[in-house]
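Biologist: I would like to learn how to read a protein structure feature by feature, starting from a single residue. Could you take me through one slowly?

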Amino acid sequence: MADRQDFSAIEVAELRKAAEQQLIAKPEAMPTTPSDDKKLLHELQVHQIELEMLYENLRHAQDELEKSWASYFDLYELAPVGYLTINDSGSILNANLTATTLLGITRKALLKKTLTEFVSASDQDNYYLHRKKLAETGEPQVLQLHLTKADGALFWVRLEMNRAAETENGQLFRVVVSDISEQKANDDYLRQAAAMFESAREGVMVTDAETRILVVNRAFCQLTGYSADEVLGQSPQLLKSGRQDEGFYKTMWSDINDTGYWQGEIWNRRKNGEVYPQLLSISAVCNEYQQVTHYVSVFSDISQLKNAVNRLDHLAHHDPLTNLPNRLLLCARLGHCIEVSSRDRKSAALLMLDLDRFKDVNDSFGHLAGDELLQQVAARLTSRLRGVDTVTRLGGDEFALLLEDLSHPQDAALVANEIIEALSDPWYLSNGAEVRIGASIGISLFPGHGQTSEELLQHADAALYLAKADGRGNYKYFSEALTEASKRRINLESLLRRAIIKQELQVYYQPQVDFASGAIIGAEVLLRWYQSDEGEIPPSQFIPVAEETGLICEIGEWALLKACSQGQVWIEAGVPPLRLAVNLSPHQFRHGDIVASVTNILKETRFPAECLELELTESTLMTRESEAVRILSALRMLGIRLAIDDFGTGYSSLAYLKRFPLDILKIDKSFIDDIPQLEDDKEIASAIIGMAHTLRLKVLAEGVETEAQLNFLKEQGCDFYQGYYKSPAVSADEFVALIKASL
Ligand code: C2E
Ligand code: CA
Ligand code: CA
């Protein structure tokens with residue numbers, strides 16, 4: 001087989017020609033003698049057989065040749081690159097199928113053209129120079145240029161030009177044409193991507209699957225303050241601000257693992273330590289097996305955006321002149337306050353304030369002066385309020401105040417009064433003018449005067465209207481009764497302050513009697529106030545005011561001092577030993593150091609501690625429960641006796657009282673009042689006595705007014721009593737007289 005394939009095409013063609021000539025020549029060349037004929041015939045036959053064999057071989061060779069031609073045809077014609085043969089002048093002599101496809105032209109048409117005709121105008125020089133060099137030196141030439149398709153479309157090719165042969169008609173060149181459009185497009189894409197990466201305003205960071213930083217762009221360095229060298233190979237943890245907790249990163253990574261993507265806001269830290277907000281997106285990059293190979297993070301610094309948003313938000317919710325919150329923000333806070341207050345059972349007040357005579361200032365000094373005054377008013381209002389309260393400007397000379405977590409509805413009036421006073425002080429404008437204005441205030445309360453922001457605003461407005469109608473410089477609650485009560489209270493407060501200075505207060509003594517002996521064994525010390533204009537003001541009115549304003553500390557300490565010095569005077573005068581019971585208010589117990597002040601007073605007056613008793617209510621003990629035990633123990637160490645006052649009206653749990661070191665339990669007057677008519681009260685009273693005794697407490701019944709009450713309580717084993725049956729609280733002199741009388 002091998003030798004058959006070795007025939008060259010030319011040899012095969014020659015052989016075939018020779019064989020055909022012999023076969024055709026055969027009839028004419030024949031001699032005619034018989035013997036010769038026979039021999040000749042024989043020879044001819046042999047020859048014919050040889051020829052036929054030769055022919056057979058030839059056919060075989062031809063088949064093989066055709067086969068290899070066919071595969072050569074495939075190789076040549078359908079090669080992935082175009083082949084062209086051109087001559088000296090660039091005319092195309094030969095072209096494979098790929099070349100014709102690339103140029104979009106039939107082979108017939110192509111073979112009439114030069115390659116130069118296909119080269120784009122801008123590449124002509126380049127092409128010419130390379131061809132010239134090839135022709136001159138024979139060195140293969142490679143170049144990239146644009147060719148034009150027959151339809152005018154340009155495309156990128158790589159030309160490899162070789163000298164193929166030198167004939168007497170000149171040189172032949174073989175040109176290999178590779179279409180590199182796609183590669184060029186890819187190159188362009190990569191170049192653009194790289195330019196984009198570097199010039200992007202967003203910071204870009206690429207990490208490997210183990211989140212080691214591989215690449216960062218210029219913006220990354222600008223935004224973070226780190227150079228590329230400082231971060232490459234590091235973990236992005238370097239950028240953490242610590243503002244997000246572990247949970248945040250956990251959700252972030254589970255998002256990335258689940259969906260391949262995460263976007264959100266995050267606070268990171270620059271190299272200089274500054275913490276700033278980023279809008280960050282992280283994408284996971286996977287290979288063809290869906291394994292993560294890289295993470296790409298793109299972020300922008302949104303601090304300016306955030307600032308802008310905050311500024312806009314501030315503008316929308318604040319009054320530009322005074323920078324106070326505006327009506328919009330007030331409504332939002334009011335809504336929120338109503339929600340919180342109703343949930344926590346707290347109260348709140350809305351104060352609507354209108355300046356009196358503001359218009360006069362505006363008219364006489366101009367709008368600039370008016371604006372300046374409003375700014376000063378805003379500042380003065382803000383400085384008067386607690387941090388939790390909201391001052392807003394509703395517009396013009398109208399302001400509103402929201403007081404949250406109000407302990408007493410009347411506190412709103414205290415604030416209103418204080419503000420009215422503060423705003424009535426003179427104002428000094430920068431134009432040198434001194435002006436005076438006033439303010440009127442309308443108050444609505446939650447709960448009570450409305451359940452919605454609108455209702456509260458409306459009712460505060462209605463109250464403001466009333467306040468102004470009433471002569472300005474005034475406040476009014478939405479309900480008249482509250483206004484009255486608060487006015488009285490405020491009046492009382494100022495009277496009480498003066499009473500302390502003018503020493504209008506006195507202490508009285510109400511005898512406490514021992515059931516067993518019928519003897520007066522001591523007294524409860526009670527405050528009395530005689531006011532020159534108002535007359536006698538009962539403790540039930542002024543004690544709560546003193547309690548709320550804190551004046552009770554001063555007053556209570558004064559009562560204690562007064563009682564102890566009086567007690568010592570009696571001792572020195574030879575009056576039989578007495579026990580003096582002084583009331584201790586919750587405020588005194590909570591603020592101030594009660595142990596220290598009692599110690600000092602005892603020392604100062606030399607009154608024996610065993611003769612002093614302090615009365616506390618259950619609610620007093622509950623407000624500072626853990627500390628109460630410590631304070632009571634300290635007082636008891638001094639030798640003082642402790643009584644629980646008004647028992648039955650409060651928490652009333654003996655088990656609860658067990659943990660406090662107490663000596664005496666005072667049954668509240670309300671359980672005594674209906675004895676002996678009410679069976680229930682009788683039962684309660686006797687139960688309290690029984691239980692107190694099991695806790696080793698002595699029992700005192702308060703408010704005993706009748707003999708029936710006295711007898712019943714005595715029967716039940718009650719230890720002491722006080723009440724009008726024996727005597728109301730009396731002056732020190734009267735009290736001594738009572739003791740002497742009962743001796
Ligand atoms: P309290 O401690 O429960 O005092 C007993 C009150 O009942 C006294 O009223 C007393 O006058 C009154 N009372 C006593 N026996 C009878 C009676 O048989 N019938 C009637 N109807 N009332 C009787 P007062 O003096 O008006 O004091 C009222 C409250 O004021 C006291 O209640 C006490 O909580 C408070 N208070 C009085 N003085 C002081 C004080 O110096 N310090 C403190 N923190 N509170 C005081
Ligand atoms: Ca008392
Ligand atoms: Ca009492």
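Biologist: Is phenylalanine 197 buried, exposed or partly exposed, and what is its relative accessible area?

Modeller: Before I answer, please note that this is a predicted model, in which local features need pLDDT of at least 70 and side-chain atom pairs count only at pLDDT 80 or more, while totals for chains, interfaces and linings use all residues. Residues are numbered from 1 along each chain as its sequence is written, chains are lettered from A and ligands numbered from 1 in the order in which they are written, and side-chain values use heavy atoms, with hydrogens and water left out. Now the general idea: buried means under 20% relative accessible area, exposed means over 50%, and partly exposed lies in between, with a 1.4 Å probe and protein chains only. Phenylalanine 197 has a relative accessible area of 22%, so it is partly exposed.

Biologist: Where is phenylalanine 197 placed, and which residues does it touch?

Modeller: Helices (H or I, at least four residues) and strands (E, at least two) are DSSP runs, numbered from the N terminus, and phenylalanine 197 belongs to helix H7, residues 181-199. Contact means heavy atoms within 4.5 Å; not counting residues up to four places away in sequence, phenylalanine 197 touches Val204, Val215, Val216 and Asn217. From C-alpha to C-alpha, phenylalanine 197 is also 8.9 Å from alanine 219, although 22 residues separate the two in sequence.

Biologist: Which class does serine 281 fall into, buried or exposed?

Modeller: Serine 281, which lies in strand E9 (residues 275-286), counts as buried because its relative accessibility is 14%. Leaving aside neighbours within four places in sequence, its contacts are Tyr261, Trp262, Gln263, Val296, Ser297 and Val298.

Biologist: How many residues does the largest nonpolar core have?

Modeller: In soluble globular proteins, nonpolar side chains tend to be buried together. A nonpolar core is a set of buried Ala, Val, Leu, Ile, Met, Phe, Trp, Tyr and Cys residues joined through side-chain atoms within 4.5 Å. The largest one here has 80 residues, and those with the most contacts inside it are Leu657 and Leu665. Helix H19 (residues 551-572) gives the most to this core, with eight residues. Apart from it lies another core, of 38 residues, among them Ala349, Leu385, Ala412 and Leu423.

Biologist: Which residues come nearest to ligand 1?

Modeller: A residue is near a molecule or strand if one of its heavy atoms lies within 4 Å of it. There are 19 residues around ligand 1, of which Gln510, Arg528, Lys669, Glu705 and Tyr724 come nearest. A polar contact is a pair of N or O atoms within 3.5 Å; within protein, one must be able to donate a hydrogen and the other to accept it, and residues adjacent in sequence count only if both atoms are side-chain atoms. A polar side-chain atom of glutamate 524 is 3.1 Å from an oxygen atom of ligand 1, and for a polar side-chain atom of asparagine 583 the distance to an oxygen atom of ligand 1 is 3.1 Å.

Biologist: How many disulfides does a search of the whole structure find?

Modeller: A disulfide is a covalent bond between the sulfur atoms of two cysteines. The criterion is a pair of cysteine sulfur atoms within 2.5 Å, and a search of the whole structure finds zero. Cysteine 331, for instance, is in no disulfide, and the nearest cysteine sulfur, that of cysteine 337, is 12 Å away.
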